Amino acid sequence: MLKHVKAFSGFSANDLPAVQTFYSEVLGLEVTATSGILKIHIAGSHPVLVYPKPDHIPATYTILNFPVPDITAAVDELTARGVRFLQYEGKLQTDEKGIFHGGGPKIAWFQDPAGNILSVLEEK
């Protein structure tokens, strides 16, 4: 039934103006606002909805992954733009820049102003 329906994703935030600034100015994505809802245009302009939720609780998992060809360059550029990368210990041990070098692709996690978790991951 839904095989040919165009689907999209969405998540909540408690401060849409801060989120809009972050995604547009810090991450450099196209963001539009309509009727109190944001649309982040990624992957060929497919929208991801961000809707306001006063009792918002940040996602405890990665909501968006951004593949990059060089994770060190991406982390350095985002850090210069004010992004703070999460540091993990133990099984997901990250280096001083916040990059995980364990099994699978190199990945670094960070949060948006609403506390939702995002990542950049190296894809060669």
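β5 and α2 each contribute at least two residues to the lining of the largest pocket. Helices (H or I, at least four residues) and strands (E, at least two) are DSSP runs, numbered from the N terminus. The model is predicted, so local features need pLDDT of at least 70 and side-chain atom pairs count only at pLDDT 80 or more, while totals for chains, interfaces and linings use all residues. Residues are numbered from 1 along each chain as its sequence is written, and side-chain values use heavy atoms, with hydrogens and water left out.

The largest pocket holds about 230 Å³ of space. A pocket is an open set of points on a 1 Å grid over the protein atoms alone, where a 1.4 Å probe fits, with protein on both sides within 12 Å along at least five of seven lines; lining residues have an atom within 4 Å of a point. The volume is the space filled by probe spheres set on the points. α2 gives the largest share of the lining, three residues. The lining comprises nine nonpolar, no polar and two charged residues. Ala, Val, Leu, Ile, Met, Phe, Trp, Tyr, Cys and Pro count as nonpolar, Asp, Glu, Lys and Arg as charged, and the others, Gly among them, as polar. Phe 66, Phe 110 and Val 120 are among the lining residues.

Val 120 belongs to the largest nonpolar core, which has 32 residues. Such a core is a set of buried Ala, Val, Leu, Ile, Met, Phe, Trp, Tyr and Cys residues joined through side-chain atoms within 4.5 Å. Buried means under 20% relative accessible area (1.4 Å probe, protein chains only). Tyr 23, Leu 27, Ile 40, Leu 64, Phe 110 and Val 120 touch the most other members. α1 gives the most to this core, with five residues. Another core, of six residues, lies apart from it and includes Trp 109 and Ile 117.

Beyond its neighbours within four places in sequence, Val 120 is in contact (heavy atoms within 4.5 Å) with residues including Phe 66, Ile 71, Phe 85 and Phe 110.

β8 is mostly covered, with six of its six residues buried. Ile 117, Ser 119 and Leu 121 lie on one side, and Leu 118, Val 120 and Glu 122 on the other. Strands pair if DSSP finds at least two bridges between them. β5 and β8 run parallel, joined by six bridges. Phe 66 has Val 120 as its bridge partner in β8. β7 and β8 pair in the antiparallel sense over five bridges. Here Phe 110 has Leu 118 as its partner in β8. The hairpin of β7 and β8 has five residues between the strands, and Gly 115 takes a positive phi near 90 degrees.

How values were computed: Buried < 20%, exposed > 50% of the residue type's maximum accessible area, 1.4 Å probe, protein only.
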